[in-house]
Every structure is written in structure tokens, then in C-alpha cells.
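Keep the 3D view open and follow along.

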Amino acid sequence: MKERTENEMNCLAIGDLKVTSEIFDKILEGCSLFDRYESIEWHAEKDGVDWRNVVRRVETMGYRSYDPPDGLAERMKNVEILFVHLCPVSEKVMDAAPKLKYIMTVRGGVENIDVQAARKRGISIINCPAHNAVAVAEYTIGLIISEMRNITRADRALRDGMWREQYPNSQKIRELSDACVGLAGLGTIGLLVAKYLKAFGTKVLAYDPCLDAGTARENGIIPVTMQELLERADIVSLHARIPAGSPPIIGEEELRKMKPTAYLINTARAALVDMEALENALKTGEIMGAAIDVFPQEPVDKEEPLLKIDSVTVTNHRGGDTYNSYAMAPALLVKQLREYLETGKGKCIIH
């Protein structure tokens, strides 16, 4: 074993189906920051369908969703830095790791980590919202255009032998250059969506409870209240996070505030939207349409009401599903950790 230096630490990575131990190993094994490194797997045997259920359970129940993996407590005794993707990190895990200094998650959210328990123990959490930001932002633009311009409806009709001319929004189809988009959430993904929209000449509004108005204006974004956003936007796109168990941010009241010609886009979290309220708003024409990539239950049941509504574009949780978004995440985290160790500062540091 090489001689240990002041900043070197014992490191453990917990891989899973999407960010495997192999992906972690390529970046972390042999990294000069770590004196000792090993990796294990958690639910890596799941197939895609089963994995969706794991994701949904973690996103709704947080760090309480699963017990620690078998044997993890023994491995954690000397660990100073822990890398995870979705594996829950509860107080029980931290109790087994008296030397733990950093929890590194390749996710943007920290639902799977007991943040209060970490703060109580002086453990820093570093997350990685940039890992799938480009993927989700690109996909959001694709869904906006697909829904507004009826791309999937035209494709489906043509495959069914129909040359379709009339759509729910016929006579009201507009270009992005003539549209106003409201972003509910202006984190890493929201900022990228705004950047891409500006290339189309789109007016962009944003609401975020932690919004830096200066940063928004520097990027050509108009900061507004949530009520203003709903009332003014032609397209409302969701890029927010809410704690596990919180009520939706889009329900009956919010949908009533939207224009009857407006569209709702959700590539973030299913829990952000009251799906029954959305169904009713679409059926009654309260809003023009929607594009939804995330659902409370995945895979979606064939009787899901939104599947039967013409004015909806639906996809099966594909927003962040690129090779880049998973493969690059550990490297981004290492870069953030180096910056923090060298300067005492850094992005996405939770103390």
C-alpha cells in the first residue's frame, strides 16, 4: 500500500444498476485522493422494470426506503468517504462509520440521504445535479416541441394509416420564438433549459424559492412569483425538487391559474403534479396540453387515464437516460471534492 498523505482517505463506493461499481471503479480506483478504495453493488441484479420500482420507493420514502445492504456496517468502520447513487444512507449507516467525513452522491437530489443526521455528525454531503442536466434539459426541449407541434400525434396517426390534419391545438399552434416559458425551479437543469430556449428567442420566466435574481437576469431570465409564472406562461416546465411526502406544487388551484392555451411539461418528479387534477384540467380544456415523462407508478398501467387523452405527449421516464449522464457523474464528483479540499469552497456542498 502506498504511503498515506494528509488528504488521502479510505473510500467505499456503492454501485447499482445504473451507476455500476464498474463505472465507479474506472474513475475512483487508483485516484490519488484515496488511500484505500473498494466498491460493492446494491440491487445491481434488478432489471429495468424492477429498478423503476426501486427508484420510486426511494424518491417517495427517502432514506427510510430500504435497510442498509447486508455486511455494509462491517465495511464502513474505517470509511471516510462514501460514494453512492441511489442506495439509502440512513443514520444507521452513519452510526456504523465513526470516521465518515463525506457522503458523495452522483444524484442531483439527496432524498436517499438523512441530511439532518449527517449535519449532526459534521459529515459533508456533496451532490451532483450536473450529472444528467444536459440530458434532461435537451429532453425537455424535445417534449415542448413535440407537444406544441403535434409530432408524436402525427407520427402515430400516419403509422395507423391516417393523414391527420386536425389536432387539439389546431389554429393555436405557435412557435417557440413567440412563446413565453415559465420554469418552476431554476437549478442546474432549469438554467440549461433557459439557455437552450433563449437560442429560439423565447421569453423565459422563472420561479424558485432560492432564486438568485441577479443570476436569473444575467441569463436573460425574468424572476417572478409562482402565481405570475402560472398566469403569464404559455408553457410551464417543472424543474423543482420537493421533500419526500410533500404535497404537489401543481394541483387544481395552480392549473386554474394557467392560460387555457398553456402546456404543462414535467421531466422532473411525478410527485410535483396532482395527476388526477391534471387529467381533469386536460379533459375540460382548462389547459391546452401536457408532456409527461414521469409517473407515480412506473411502469404505467395500460389503464392510466393520461394515455387516453389526445392532448398529452407521454414518455416512459427517458429524460436522464443517456450514457453520459451516468458515466461522467463520478468524475464530476471527484472534481468537486478536489476543489473543496484545496480551497475550502465548492458547489453543492451540504454541511
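Let us start with a charge and a ring: Arg57 sits over the face of Tyr66, 4.3 Å from the ring centre. Please keep in mind that the model is predicted.

Ser65 belongs to the loop between helix 2 (48-61) and helix 3 (72-75). Is Ser65 buried or exposed? With a relative accessible area of 1%, Ser65 is buried, as the cut-off for that label is under 20%. Glu111 is 46 residues away from Ser65 in sequence, and the two are 10.0 Å apart in space, C-alpha to C-alpha.

Another serine to look up is Ser311, in the loop between strand 11 (289-292) and strand 12 (312-314). Its relative accessible area is 8%, so Ser311 counts as buried. Which residues is Ser311 in contact with, leaving aside its neighbours within four places in sequence? They are Glu147, Arg153, Pro168, Leu282, Met288, Gly289 and Ala290.

**Aromatic pairs**

How many aromatic pairs does the structure hold? There are five. Two of them are worth a visit.

In the pair of Phe34 and Phe83, the ring centres are 6.0 Å apart and the planes stand at 80 degrees, which makes the pair edge-to-face, because planes over 60 degrees apart fall in that class. Phe34 is part of strand 2 (residues 34-41) and Phe83 of strand 3 (residues 81-84), so this pair ties together parts that are 49 residues apart in sequence. Phe34 is buried at 3% relative accessibility, and Phe83 is buried too, with a relative accessible area of 0%. Together with Phe24, Phe34 and Phe83 form one aromatic cluster.

Next come Tyr102 and Tyr340, whose ring centres are 6.1 Å apart with planes at 85 degrees, so this pair is edge-to-face. Here distant parts of the chain are linked: Tyr102 lies in strand 4 (residues 102-105) and Tyr340 in helix 14 (residues 329-343), 238 residues apart. Tyr102 and Tyr340 are both buried.

**Helix packing**

| Helix pair | Axis separation | Angle |
|---|---|---|
| Helix 1 (residues 21-28) and helix 14 | within 8 Å | roughly 40 degrees |
| Helix 6 (residues 133-148) and helix 8 (residues 188-199) | 9 Å | about 45 degrees |

The angle of roughly 40 degrees makes helix 1 oblique to helix 14, and their crossing is right-handed. From helix 1, the contact is made by Ile23, Phe24, Ile27 and Leu28, and from helix 14 by Pro330, Ala331 and Val334.

What is the handedness of the crossing of helix 6 and helix 8? The crossing is right-handed. On the helix 6 side, Ala133, Val134, Val136, Ala137, Glu138, Thr140 and Ile141 make the contact, while helix 8 brings Thr188, Ile189, Leu192, Val193, Tyr196 and Leu197.

How values were computed. Residues numbered from 1 in each chain as written. Predicted model: local features only at pLDDT ≥ 70, side-chain atom pairs only at ≥ 80, totals over all residues. Heavy atoms only, no water. Phe/Tyr/Trp six-rings, centres within 6.5 Å; stacked < 30°, edge-to-face > 60°. Helix = DSSP H or I, 4+ residues; strand = E, 2+ residues; numbered from the N terminus. Buried < 20%, exposed > 50% of the residue type's maximum accessible area, 1.4 Å probe, protein only. Lys NZ or Arg CZ within 6 Å of the ring centre and 35° of its normal. Axes fitted to C-alpha atoms, helices over the stretch in contact; angles between N-to-C directions. Parallel < 35°, antiparallel > 145°, perpendicular 65-115°, else oblique. Left-handed = near helix turned anticlockwise from the far one by under 90°. Contact = heavy atoms within 4.5 Å.
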